[in-house]
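Here is a quick tour for anyone opening this structure for the first time. Have a look at it, and then we'll walk through some of its features.

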Amino acid sequence: MSEANAKLEQFRGEARAWLAANFPRSLVGKAAVYMTYDLDVPMEGDALAWRTALGEKGWGTPTWPTEYGGGGLSQMEARVLQEEMHAIGAFNPIPILAGMGVTMVGPTVLEYGTEDQKQRHLPPIARGEVRWCLGYSEPNAGSDLASLATKAVDKGDYWEINGQKIWTSGADISQWCGALVRTDVNVGKRDGISFLMFPMDQPGVRTRPIKLIAGASPFCETFFDNARADKKDLLGKLNDGWSVGKRLLQHERQSQTGGAPMGGGGGSLQELAKKYVGLDSAGKLRDEDLRLRLAQHLMDAKTHSLTLARVAAESRGNAKVTAAASILKNSATHVAQARAELTLEIMGGNGLGWEGESFNDEEINAVRAWLSGKAMSIYGGSFEIQNNIISKNILGLPETTQKG
Amino acid sequence: MAALNEEQSILKDQAIAWINDNGPVAAFRAMRDSGNPLGFEQATWSAMADMGWPGILVPEEFGGSNLGYLTFGLILEELGKQLTASPLLASGLVGAAALILGGNAAQKKACLPRIADGSRIVTLAVDESTRHDPAGIALAAHKTANGFALSGDKCFVVEGGAATDFVVAARTAGNAGDANGITLFLVDGAADGISRTLLRTADSRGYAHLKFANLEVSHAAVLGDVDNGGALLDAILDRARAGVAAEMLGTASQAFAMTLEYLKTRKQFGQVIGAFQALGHRAAELYTEMELARSAVEGALAAIDADAADVPAMCSLSKCKAGAFLFRMSNQLIQIHGGIGMTDEFDAGFYLKRARALETMYGNQGFHRARFATLMGF
């Protein structure tokens, strides 16, 4: 065994021992309860103790530097930690509790933030105590994000913000917001944008949840009426928010490359098919067409996970954001949406359940997950926007969208 | 692409340099125009043998370099890019795999050094109809006083014109469709009981139909176990599939490169056509499909090298993914090039024809999707 491997195995032992001592056994099997965006689940008792232990150890954000509340682990160590958690049914709720804090705001603050910003903002995220939302899209700035109109005016001591954001996930329950705002209207649309951070609990901020096709959703409309951001909470340079914001979106894509289904259970589709459709005497699914489409889907899913592993191996454990993120996001979306469609098709009539006693939870969840999963190819840069990025940034083809 | 070790990098660079000098598409075109019935030039094959390529899988004690399937795949991919014609896949990969997996000590000693030095071309004769159906093998091998007598037909034998030896999958028990009762034989291609019909196919590769007329072979010709050759045949076929998939990836990735170059240079309506979003998005989707296919191809080759439990599923996955991408890419190569793509003077047609031929080789996408379902238990 190489020295690096031996060191990694030693870490595995440490992680296993720490998890055994700190992960409450009462939470085994409860990942689904705490790892969703269902916000009615209270953090108390063993769940609170687990969050606190994980936060103090820094392992809720395992690869962040220890001075900002992270675990200071390498990518390889973080993967080992994840394996060990998985092995005993443990889970890390902190990235969920922090909203957009762990996956997007944190990495961007680490890169662009001042020392003061890192000290103030990162540790509460790492402890899972502060939830962040992101003010990006506006009613008239979706895929064409740079045309955003929410304005921030320099009032000497603070920035005064007016305008409206939409699709702000968790805005109604977040304590902090990172938003792209227009700070100069007299320059090209990408040149007058800044990234501001401000608390949500203030008189000038109002939120309204949006009901989606799947029912209640974490998305909100967010209105700013003379809201304020502290001068020291400008992230990156003034009017350089487009670079900061794009970087954050790369982190977002990176976090959306897993291809995991949104809710609806992660069980084996072939087992589900056997249960609902059944096998014939030759051991084949009783629906030949579905059988082959299911095989195709399982191959697509396997190929996606092979590609994730290949990209990780080729970047040699270095988690730097790669150009492959757009490919992986589109592939993950394709796999997850196909899985949701196949799940309903396997369930047949039972894959129509909306609510009520005639359908079991798995069926109702599958329907909701199918619907909410349609957002995957829209948020974080739509399928088409990812293709713009691939054709321009990877293939070197000309810009096809409007310039400015 | 997979993170390569130093040996692999050197071999890959050597292959690229040699193919550019000696085996570009222009060489394939010249071979086709000459009407060469074997489908490759002897000089090309000799040069490959001199570089040790047919021995990449062969253990060192038998004169090879034992570098494994992932390494072999790198060469096949580069050859696939330029459609370089040779029996390297049929003999260096499939023939060698048959001997390595199924040969006894005497067979290995007699055969592997000569596969490695290119003096023998050993290919697999498996299909008996226009469809790939290993379970349906019916070519009969009757037991005789001294061994077996083989009677029946084999179709579309890859490099069947140039082969010196055949690995023949025959039925020694049971009926067509039975999993058991298959035996593999290593037979001399020059034997009197074998007649060959060389095929003139659209892709100009050297296929042949074989007819076995009571060909007598001894027990020494049996590769592996009598009646229980089905698993061995599957293992050989899986390696063949993984190898073809690597060649397909190479062929498709070159078609992609040609198309991308055209998108950047061809002007219509006052701009390069790659500036049209319809084509930019198509290129992005093809590129995405290529990256995914590469993972499947490299994954299958690596699984074989690691002797992983999921080799059968990985090889079906690889053949399917590479096949789907090559099909789409070879068609888009012509579509995006427009009229010029339809001319014989341009190379696009070669890629389309080869794509169609490779799709049928060792099982098409439909075969492998169904096999994957069976392997997954449904």
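## A salt bridge between the chains

Let's start with one pair of residues: A:Asp300 and B:Lys321 join their side chains in a salt bridge, with 2.4 Å from N to O. Keep in mind that this is a predicted model. The interface of chain B and chain A holds 2 salt bridges in total.

## Who supplies the interface

On the chain B side, the residues that touch chain A come from several helices: α7 (230-265), α8 (277-305), α9 (311-337) and α12 (365-375) each give at least two. The largest share belongs to α8(B), with 14 residues. Sorted by type, the side of chain B that touches chain A has 22 nonpolar, 9 polar and 8 charged residues.

How many residues of chain B are in contact with chain A? It's 39, and they meet 37 residues of chain A. Together the two chains bury about 3,100 Å², and 67% of that is on carbon and sulfur atoms. Three residues stand out: B:Leu292, B:Arg369 and B:Phe378 provide 22% of the area that chain B buries against chain A, more than any other three residues.

## How the chains are divided

Chain A is assigned a domain 1 (3-97), a domain 2 (132-241) and a domain 3 (256-394).

Chain B gets domain 1 (6-120), domain 2 (123-228) and domain 3 (231-375). For domain 2 and domain 3 of chain B, the C-alpha centres are separated by 30 Å.

## Where two domains of chain B meet

Domain 2 and domain 3 of chain B touch through 16 residues of domain 2 and 16 residues of domain 3. They bury about 1,400 Å² between them, with 67% of it on carbon and sulfur atoms.

The rule finds 2 salt bridges across this interface of chain B. B:Arg354 and B:Asp203 form a salt bridge, their closest N and O atoms lying 3.1 Å apart. There are 3 residue pairs in polar contact between domain 2 and domain 3 of chain B, both residues being at pLDDT 80 or more. The side of domain 2 that touches domain 3 in chain B is made up of 10 nonpolar, 3 polar and 3 charged residues.

## A hairpin in chain B

One last stop: β2 (residues 140-143) and β3 (residues 147-158) of chain B pair in the antiparallel sense over 4 bridges. These strands, β2(B) and β3(B), form a hairpin with 3 residues between them. B:Ala141 has B:Leu150 in β3(B) as its bridge partner.

Technical notes: Residues are numbered from 1 along each chain as its sequence is written. Chains are lettered from A and ligands numbered from 1 in the order in which they are written. This is a predicted model: local features need pLDDT of at least 70, side-chain atom pairs count only at pLDDT 80 or more; totals for chains, interfaces and linings use all residues. Side-chain values use heavy atoms; hydrogens and water are left out. Contact means heavy atoms within 4.5 Å. Buried area is the accessible area (1.4 Å probe) that two parts lose on being put together, summed over both. A salt bridge is a side-chain nitrogen of Lys or Arg within 4 Å of a carboxyl oxygen of Asp or Glu. Ala, Val, Leu, Ile, Met, Phe, Trp, Tyr, Cys and Pro count as nonpolar, Asp, Glu, Lys and Arg as charged, and the others, Gly among them, as polar. Two strands pair if DSSP finds at least two bridges between them. Domain bounds come from an automatic or database domain assignment. A polar contact is a pair of N or O atoms within 3.5 Å; within protein, one must be able to donate a hydrogen and the other to accept it, and residues adjacent in sequence count only if both atoms are side-chain atoms.
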